[in-house]
Amino acid sequence: MNDQTPLRRNAEGIATALDVMRQSFGDRLQTGAALRAQHAHTTTWLETQPPDAVFFPRETAEVQEVLRICSAYGMPLVPFGTGTSLEGHVNAPLGGLSLDFSEMNKVLAVNPEDMDCVVQPGITRKALNEELRATGLFFPVDPGADASIGGMAATRASGTNAVRYGTMRDAVMAIEAVTADGRVMRTAQRARKTSAGYDLTRLLVGSEGTLAVITELTLRLHGIPEAVAAATCSFPSVAEACNAVIETIQYGVPVARIEFLDVVSIRGINAYSGLSLPEAPLLLLEFHGSEAGVAEQSETFGEIAAEHGALAFDWTADAEARTAMWQARHDAYWAMKSLRPGADVFVTDVCVPVSKLAEAVTASAEKAEAEGFIAPTVGHVGDGNFHVALLIDPEDPSARARAEAYVGWLNDLAISLGGTCTGEHGIGQGKAKYLGRELGQTSLDMMAAVKQSMDPDNILNPGKLFQA
């Protein structure tokens with residue numbers, strides 16, 4: 001699954017480029033082994049491929065200078081946010097430079113009247129919302145991890161709030177970026193809509209650092225809701241839980257979050273987070289709006305759930321209880337990992353049309369059981385997106401091979417149902433072989449043409465998205 005067409009390492013060019021960078025930046029260019037390994041860590045099963053060096057830019061002008069050096073000597077450059085991606089996006093298969101944006105982490109402007117803000121790419125979503133708190137506004141995209149805004153844009157991240165507030169595709173209004181040869185480009189102004197030329201913002205959102213390096217983002221914000229309530233609802237089967245989601249969406253209930261947890265994941269979450277959720281297929285929900293609106297949404301969902309055999313339905317407006325519940329959901333990866341200490345974790349995600357959700361989740365669970373996997377499943381099921389984690393014995397090569405085959409089967413299943421091989425993890429290295437199956441060769445050729453025009457020397461995050 002991680003097979004990559006061999007790419008040539010430019011050892012001589014990298015060495016020269018690093019010497020030039022040392023002349024410009026001195027000991028700010030770091031080459032320690034531990035730091036380089038950290039900047040290839042993928043929080044997943046893919047092999048670690050460290051860069052030759054790491055640099056922490058502080059302003060756009062420094063990013064320009066770095067890219068001019070990389071372009072002149074053919075040194076690969078891999079943008080780095082917080083390293084939480086799951087498909088090998090920050091690996092450096094040809095070596096080169098990791099450009100860590102953690103020091104470009106400022107809020108540059110907040111425009112409360114227009115409900116937008118301008119930020120540097122290194123700021124994390126939690127830090128951004130702390131800065132926004134006094135304005136009565138918030139940034140809703142929540143992938144679980146405290147990821148950087150630049151990384152979230154680069155991978156077109158989604159998360160628990162996407163069913164109501166959309167994904168990074170909807171949240172990013174404009175981007176400033178530096179091209180492969182060191183020029184600054186801007187994709188749009190702050191206006192809420194435009195029909196001026198190609199949509200370069202959407203081109204860069206989801207480009208995974210392969211077309212340009214993001215140095216500034218203008219983001220759409222939302223008002224903090226007057227009232228928020230959370231609910232848990234358990235069901236007799238996965239199919240009934242998914243069918244309740246489908247009907248809720250079709251009925252137009254404006255839920256903010258609908259998360260699915262299967263029995264195995266609940267078992268891990270209960271043990272890891274000290275909760276006592278019922279061990280049955282479970283939906284976690286959150287409702288936003290006025291107090292009357294939240295109560296109405298909760299009541300409507302309760303009626304829908306009852307029609308699908310709900311075993312229990314509990315909701316609360318208590319902020320502390322809500323926070324504990326969602327923190328447990330965000331800790332699901334570590335809770336799953338604790339089910340089999342020492343295991344490798346293969347995490348994959350797919351997304352299908354909501355009408356196909358029950359079929360896809362049920363089939364994935366049955367296949368995992370037939371293969372003998374411990375495979376907890378969670379999902380942002382309000383938009384048809386779910387994640388399967390396979391807990392694999394690292395000393396068993398056959399288990400690893402079967403896990404890779406399972407992931408391939410699941411990707412093909414999603415595509416066959418009109419879905420996608422990745423709802424929010426991106427392509428990176430891990431999903432590269434499935435992109436062509438999903439979109440077809442003509443679309444891949446078009447993407448390759450865009451890549452060639454913007455990065456003719458293939459220095460921007462090489463080895464990602466495309467296998468060649």
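User: Leaving aside neighbours within four places in sequence, which residues is Phe 25 in contact with?

Analyst: In this predicted model, Phe 25 belongs to helix α1, residues 11-25. Phe 25 counts as buried, at 9% relative accessibility against a cut-off of under 20%. With neighbours within four places in sequence set aside, its contacts are Phe 55, Glu 62, Glu 65 and Val 66.

User: What separation do the C-alpha atoms of Phe 25 and His 41 have?

Analyst: Along the chain, Phe 25 and His 41 are 16 residues apart. Their C-alpha atoms are separated by 25 Å.

User: Which residue in β5 is the bridge partner of Asn 111?

Analyst: β4 and β5 (residues 116-119) run antiparallel and are joined by four bridges. In β5, the partner of Asn 111 is Asp 116.

User: How many residues of β7 are buried?

Analyst: β7 pairs with β9 through six antiparallel bridges, and Val 172 stands opposite Leu 219 in β9. With β8, β7 pairs in the antiparallel sense over three bridges. The strand is mostly covered, and the buried count is seven of its seven residues.

User: Is Thr 218 buried or exposed?

Analyst: Thr 218 lies in strand β9. Beyond its neighbours within four places in sequence, Thr 218 is in contact with residues including Cys 117, Val 118, Val 172, Met 173 and Arg 186. Its relative accessible area is 0%, and buried means under 20%, so Thr 218 is buried.

User: Which backbone oxygen lies 2.8 Å from a polar atom of the side chain of Asn 161?

Analyst: Asn 161 is found in the loop between α5 (149-154) and α6 (162-165), and counts as buried at 4% relative accessibility. Apart from neighbours within four places in sequence, Asn 161 is in contact with Pro 140, Asp 142, Gly 166, Ala 256, Arg 257 and His 288. The backbone oxygen at 2.8 Å from a polar side-chain atom of Asn 161 is that of Pro 140.

User: What covers the buried residues of α10?

Analyst: In helix α10 (residues 263-273), the buried residues are Ser 265, Ile 266, Gly 268, Ile 269 and Asn 270. Their cover includes β12 (255-261), β13 (282-289), α12 (319-330), α13 (332-338) and β16 (377-380).

User: Which residue follows α10?

Analyst: The residue after helix α10 has a positive phi, near 70 degrees. That residue is Gly 274.

Technical notes:
Residues numbered from 1 in each chain as written. Predicted model: local features only at pLDDT ≥ 70, side-chain atom pairs only at ≥ 80, totals over all residues. Heavy atoms only, no water. Pairing = 2+ DSSP bridges. Helix = DSSP H or I, 4+ residues; strand = E, 2+ residues; numbered from the N terminus. Buried < 20%, exposed > 50% of the residue type's maximum accessible area, 1.4 Å probe, protein only. Contact = heavy atoms within 4.5 Å. Polar contact = N/O pair within 3.5 Å; in protein donor to acceptor, adjacent residues only side chain to side chain.
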